[in-house]
Amino acid sequence: MAVPRAERVTKWLIAGPPLAFLLAFFLLPSLIMALASLRYPGEFGGLAPLAARPGEESGLTLENYALFFGDWVYAQIFAKSLVIAALTTFACLVLAYPLALLIARSPKKRRDFMVLLVILPFASNFLVRVYAWMIILGPMDLLFTRFAVIVGMVYVHLPFMILPLYTNLEKHDPTLLDAAQDLGANAWHTFWRVTFPLSLPGVFSGSALVFIPVLGMFAIPELLGGKDDWMVGNMIKEAFLGTRDWPFGSMLSLMLTLAVLAIAGAAALFARRGAPNE
Amino acid sequence: MDALRALRGLAFAALLAGGGAQAQQDRLHVYNWNNYITEDTAERFEQTCRCRLVQDYYADNEEMLAKLAAGASGYDILVPTGDAVATLIRQGALRPLDRARLPNLANLKPEFLKLWFDPANRYSVPYAYSVTLLGYNEQKMRELGIPTDTWAAIFEPKYLERLRGKVTVLDSQRELMAAALIYLGFAAYDTDAAHWKQARELILRAKPYWAAFNAASYIKELTVGNIWLAHGYSNDMHTARQDALKAGRKFTIGYSTPKEGAVFAVDNLVMHKSGRRPDLAYRFMNFLLEPESSAALSNAIGAGSPNAAAMRLIRPEIAENRAIFPGPEQLAKMQQLHELTRAERRLLNRMWIEIKVR
């Protein structure tokens, strides 16, 4: 089954640029980070020399990883961040689904306008909008709480859940709903047995778009969070800006990337197994 | 449609012309704390030197050092605090100063010269200072009977019980540790690991009562009344007090230096070696050492001034405020932070993470 030459070229033309993008802006930086995580911090920040020098901390080391695995506090922050990201994703899903469904089932003319409304908040900087939440939550005595962090996270990331859900739901064939009804399914059954399973790809991509950035977020916990709401992102920021400890920060960033990849991989596997046979 | 295109062309031409004109103009690059040169002072300097003052901002010394370490360059002048000056000197990143080109050095108070980080003022001249202290809602403190002249207010559970969820402390490893160390009777710059552990225990004992570690919004939280007691900088507390007065709040914001002593941060003007215009940098430094420039900053943001000649130009309510201009006996108890080695930075960061998690 030889693929015609022209088709192969087209394939590469389409797949090439994104592949190059990923190589240049994901793989390469990750490798730099991996290398940095194996080095000693420089006296003034940055990295200690790579060439080993006697009597000085230089060359390659595993001490950053030893620090990470030798102490439970780091894992604890990772676990806490995972919980916050999971809660945020779930809340976004519950809030976004009905809205996405509503938009998808609206007359075609109104859909674009409604989608525009969904992305309208992007017109202002997200920090400004988070500050607005500080003003709203402050007098309610909810500022500086875990609840405030999740509210802020959900608010900022909601559109990232709505849009993929909407693009998926919009494509559903309405005759399937008629068929389900004709076969005696009530509204709930139609949703649960027809619409929802068909929308799973949208659910997964929306969840990924919310879960991953939330996991690395540091600004929202810093502004809205209380004394116990530090996340992985804050720990990484502190390593780079507060302590000038690049190797440690790189190690943490790499662990975060690995955690995200592991979770995404598991989700993809789960999604493939759960998907109806096509 | 044509009009639109013509307009766009015009805008583009203007952009080019503007860019060309600016390239010819002299520029002085300053990397500074936010809002640390008044607009008026900046304009006056631009007029006298016929050059443009270009400022970038940082929110703390570590951030500035981190960005310089990451390769930021081209800055003629930096405004680091003492411990960061020491780091920059050891890095060999600063240009030695020619004192003959800074005649206004004569305006400075002698107690602000020859400080530990640069004993001969070879690289730095003091610009302004702040004290890390306690700011509070005066009415609430009186109602609840909380003493405001001691670090005990943010560390002792017997007081914190009445303030649960109404206290913020600085989100800064160095500052919070220093406050705890001073309260325990150690020096702010102490690096003994056993003393650090005691400080960590003190912090962890008080933490359940605090609302947040906050460096970004305590001014606002104090002025709107969400927070009653905050650990922060004297100039920020000055701003909070002014804002609360202006907004006509039913309460007032006060601030005072704890009797145990406090961290005293002297910010200095230094010349970075990567700067391209030392000539303009000298003129600017000398300009900032003029009494008018220094007084303008104190009047605008409540910063302390090391400039003796500026004192008569500073509004009395600021010049006589002991939290901004400490008296001699208070000054004796002020302590400056010292630089940490990378091993000490790591140890402190490890403790900090534990403080944040537990």
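Between domain 1 and domain 2 of chain B, 4 residue pairs are in polar contact (both at pLDDT 80 or more). A polar contact is a pair of N or O atoms within 3.5 Å; within protein, one must be able to donate a hydrogen and the other to accept it, and residues adjacent in sequence count only if both atoms are side-chain atoms. The model is predicted: local features need pLDDT of at least 70, side-chain atom pairs count only at pLDDT 80 or more, and totals for chains, interfaces and linings use all residues. Residues are numbered from 1 along each chain as its sequence is written, chains are lettered from A in the order in which they are written, and side-chain values use heavy atoms, with hydrogens and water left out.

The domain assignment of chain B gives domain 1 (2–127 + 268–325) and domain 2 (130–263 + 336–357); such bounds come from an automatic or database domain assignment. Their centres, taken over C-alpha atoms, are 29 Å apart. Contact (heavy atoms within 4.5 Å) involves 16 residues of domain 1 and 14 residues of domain 2. The two domains of chain B bury about 1,200 Å² between them, 48% of it on carbon and sulfur atoms. Buried area is the accessible area (1.4 Å probe) that two parts lose on being put together, summed over both. D83(B), W116(B) and A323(B) supply 41% of the area that domain 1 buries against domain 2, more than any other three residues.

The domain interface also holds 2 salt bridges. A salt bridge is a side-chain nitrogen of Lys or Arg within 4 Å of a carboxyl oxygen of Asp or Glu. D83(B) pairs in this way with R174(B), with the closest N and O atoms 3.9 Å apart. On the domain 1 side, α4 (82–91) and α13 (291–301) of chain B each supply at least two residues. Helices are DSSP runs (H or I, at least four residues), numbered from the N terminus. The α4(B) helix gives the most, with 4 residues.

Chain A meets chain B through 45 residues of chain A and 38 residues of chain B. The two chains bury about 3,400 Å² between them, 54% of it on carbon and sulfur atoms. In chain A, F44(A), K227(A) and R244(A) lose the most area to chain B, together 23% of what that side buries. The chains share 7 salt bridges. One of these joins D245(A) to R346(B), with the closest N and O atoms 2.6 Å apart. On the chain A side, α3(A) gives the most, with 6 residues.
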